[in-house]
Every structure is written in C-alpha cells, then in structure tokens.
Amino acid sequence: MMKRILILCLAAIGFSSLNAQDVFVPINYTALEKKISKSDAEIADAKKSTDPKVWVKRGELMLSAYDIDMEQIYEGMDPIKLQLFYKDPVKKTEEFDGKTYDVYSYERINFYFLNKALAMWDRTKYVYPEPMNEAFKCFSKAIELDQAGKYSEKIHDDLEKLKNQLKKEGINSYYRNDKEGALKRFEMVLDIDKLPLLKGEVDTIMIQYAGIIARELGQIERAISHYKELAAVDNQPNTYLLIKEDYLKLGDTANAIASIEKAFTLFPDTVNIIANLVDLYIRANQIEKGLSIINAAIQNNPDKGELYYWKGRLELNMEGDDKIDNALKSYALALEKNPDLYYAYYDVGFIYYLQGQDLFTRAGDEKDIKYREEMMDLATKDYEKALPNLEKALELNNANKDIKKETLDTLKRIYYKLQMTDKYNEATEKLKNM
C-alpha cells in the first residue's frame, strides 16, 4: 500500500537523473551557513524584518538547506551513479526492519541501498535544523507582509518546491519507520494547500495517506479528521466506510451510523453502503429505523433485489413469532428480483438448517415416541428445504471464500445427518482443498 505513495509522490515531484552532459554544481555548505547566519541577523532587525523580501530570501535559503547533499538523489538510484556525483563514501552494511542494506556514508548523510537501488537516507549533520518547517514559517510571514502581492508568484513557486521536498522527506521518514514524522510532513503539505495563495489546491493522495498513517499510528480521531477532509473534496463511498470503521474503533456507534446515513443520501444505490447501514442498525437495535429507510429505498428501487435481502436481515432481528416467515418472504422477493444473490440463498438455507437442528435436538430429549418421530420428520423436511438453497449458494458464490467455507460446512452436517455419504465425502474433500 505505502509503496504506492512512493510511486505516486515521486511521480508528482518529478525526480530525474542527470544527463551525461549536465554539470553538477553542489550547494556550498560553508557559504550556505554564512548566508543563513546573515539571514538570522536580518530577521532580528526591527526594520529589515518588516520587508517581505527578507522572508522570501530566508525561505529560499531553507529550501537550499534541505537540498544540500540531495541535489541529484532519486528513488531507485544505483550506487555507481551516486558515486559519480558524490565521490567515494565509507561503505558498510546495516540491518534495519529485517533487511540488510548497503550503506554509503558521507560526511553529513548516509544513503541506504537495497538490491543496488537507493531506498532511503539518514542525515547526520544539518546546516539548519528542520529547514522545511522554517521555510513554511518564512513564506507564511512573507505572505502576511506582502500586502501588495508583489512577491505572490515567487512565493507560490517556492511553496510548490517546499511541498515537493515535504513529500520526498515524508516518504523517506515512512521507510525509516518514523511514521509520525512522515505524517507531520504530509500534513504540512495539506496546510500549504489551504493558503489562499495556492487558490484551493487539493492533494487528495496526501489526504488519503495522512489518514492511512494516522490509522497505523492508532490515532483514530486524527484519521477521521483526514477522511472527512477527503470526503469533502472527493466524494467516494469507501471514504465514508473508513470513517464508520474508525468511529466504531472509538466505540462511537452514533457517529458511525451518522456517517453511513450521510453516505446513503449520496449513494443510495451502492449496495455496500446499504449493507453497512443495515448492519449498524442491527448492532444498535434500531430495527424500525432501518426498516423505514429500507422500505423507502424499495419504493424508489422496487426491482433491486439486494434491498429486499437487507429487509429480510432486519426482519430476522425483530421481535415476534412471525419474524422468520416475514424474513423468508423478503428473501423470496430478493431472489425473484435478482436470482444471482448467493448470500440470499445462503441465508434461506441456513434458516432452514437452524430450524431443523433445533427440532432434532428437541426430538432427542422427547420421551413420547410418536411426538419424537413427528419432530424428526419435521426436522428432516427443514434439512431437505435447506439443501437446494445452500447448494445454489455454493454454486453462485465466486466472491466470498469465508461464506463458501461456511456453506460447505453446513452442507456437510446436513449430508451426514441425512446419510448422504457420497455428498458428505465430496463436501469434506472440497473443504480440505480450500
């Protein structure tokens, strides 16, 4: 998953290797130190510190402070090309996260190669601590002081460079297992995008992966915040499902339901949204509310079999002796509208199986022989009703391995009880091979 971040972000940043005819002129470390020292004095000066140009210049120095020792670096770079520009390193190997890296060590930075491709790096000496943070502060200050907008275009271009640096370093932080550092850098990209100067630029990839990393860190509320931001700019059903899952992790069923209810208003025909909404209503014991919504959906989509199926699921969780009969009627309508709903066949078959199983159990405890035989006969009939539905579910199910296993297991039990030896052996063999 995170490899995709690397590919997408690096594509956006647009790294490229140096052509043979290009001349590599590295940033002069000592000269940059002196320039930064001079800039420190300028921003401390009461008069000079009110000049937006001073802050733009300082911000650009910070961009250079990040770039130093990184000017020609790109993901996947081979060690030979690295040495062509950066000369001879001290070479060693290092174990990290269960992998062995070839480390090319220089005065201020270590480069980590895996299978002769640059994977990550680690700075050991900085010309300025956290230069990207300082660059953002400087450009923000320049925007504040530049009331006439004289430097707007220049600041805009500089902010785009800063965003690329943040993405690049965020990816590197992630691979060095500094997930918090990666998240902060990606979040800074999002903060930059919110500046009026960038005119509402939105990086949905950064939002999405900020949410993923927050989740990985177990910072669920932070993840929800990013997913809500993503939903606001890139409405997709799956985003609301992620928000729901995170609210459930927090034990907040009410907001989980609210998130899927909102999704349902936006995507009323999306089966996964309907399924999740019904499941939440069942969990929260809000059966009547669920039925009200499903009935309204059926009225708008009377030929959609999935809606009748979920109505049946809700009815199974109602009070009353007629709940199973009502549910079976809804399942029948579901299959009438859509004969390919394997899970509807499965539910019908499983209902008959459970009824039969209950009758067989009660018959075993019954002392009256005649009554016991009647119960055994009814139980057998329920098993016989279950069989074609479960077998049809097995035939149609090409998507859900877990339900397929459950179907085979239930069929196996019925075959055994009804002494259908060949079928029992066949189901047993299929289960072994899954």
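Predicted model: local features only at pLDDT ≥ 70, side-chain atom pairs only at ≥ 80, totals over all residues.
A residue counts as exposed when its relative accessible area is over 50%, as buried when that area is under 20%, and as partly exposed in between.

Start with R283: at 54% relative accessibility it lands over the 50% cut-off and so counts as exposed. Its salt-bridge partner is D279, with the closest N and O atoms 3.2 Å apart. D279 has a relative accessible area of 30%, so it goes down as partly exposed. Both residues sit in helix 12, four residues apart, or about one turn of the helix.

Helix 12 (residues 271-283) also packs against a neighbour. Its axis and that of helix 13 (residues 287-300) come within 8 Å, crossing at roughly 155 degrees. Angles over 145 degrees count as roughly antiparallel, which is therefore how helix 12 and helix 13 run relative to each other. As for handedness, the crossing of the two helices is left-handed. On the helix 12 side, the contact is made by I274, L277, V278, Y281 and I282, while helix 13 brings in I287, K289, G290, I293 and I294. Sorted by class, that contact has eight nonpolar residues, one polar and one charged.

Back to the charges. In general, side chains of opposite charge can pair when their charged atoms come close. Counting a side-chain nitrogen of Lys or Arg within 4 Å of a carboxyl oxygen of Asp or Glu, the tally for the model is 28 salt bridges.

One of them joins D122 to R176, with 3.1 Å between the closest N and O atoms. This pair reaches across distant parts of the chain: D122 belongs to strand 4 (residues 117-123), R176 to the loop between helix 6 (152-175) and helix 7 (179-193), and the two are 54 residues apart. R176 has 30% relative accessibility, so it is classed as partly exposed.

Another salt bridge brings together the side chains of D347 and R313, at 3.9 Å from N to O. Here D347 comes from helix 16 (residues 342-365) and R313 from helix 14 (residues 305-316), so the pair ties together parts that lie 34 residues apart in sequence. The two ends fall into separate classes: D347, with a relative accessible area of 12%, is buried, whereas R313, at 27%, is partly exposed.

Finally, some of the charged residues go beyond simple pairs: E160, K163, D193 and E201 are linked in a network of salt bridges.

Definitions and conventions:
Residues numbered from 1 in each chain as written. Heavy atoms only, no water. Axes fitted to C-alpha atoms, helices over the stretch in contact; angles between N-to-C directions. Parallel < 35°, antiparallel > 145°, perpendicular 65-115°, else oblique. Left-handed = near helix turned anticlockwise from the far one by under 90°. Contact = heavy atoms within 4.5 Å. Nonpolar A, V, L, I, M, F, W, Y, C, P; charged D, E, K, R; others polar. Buried < 20%, exposed > 50% of the residue type's maximum accessible area, 1.4 Å probe, protein only.
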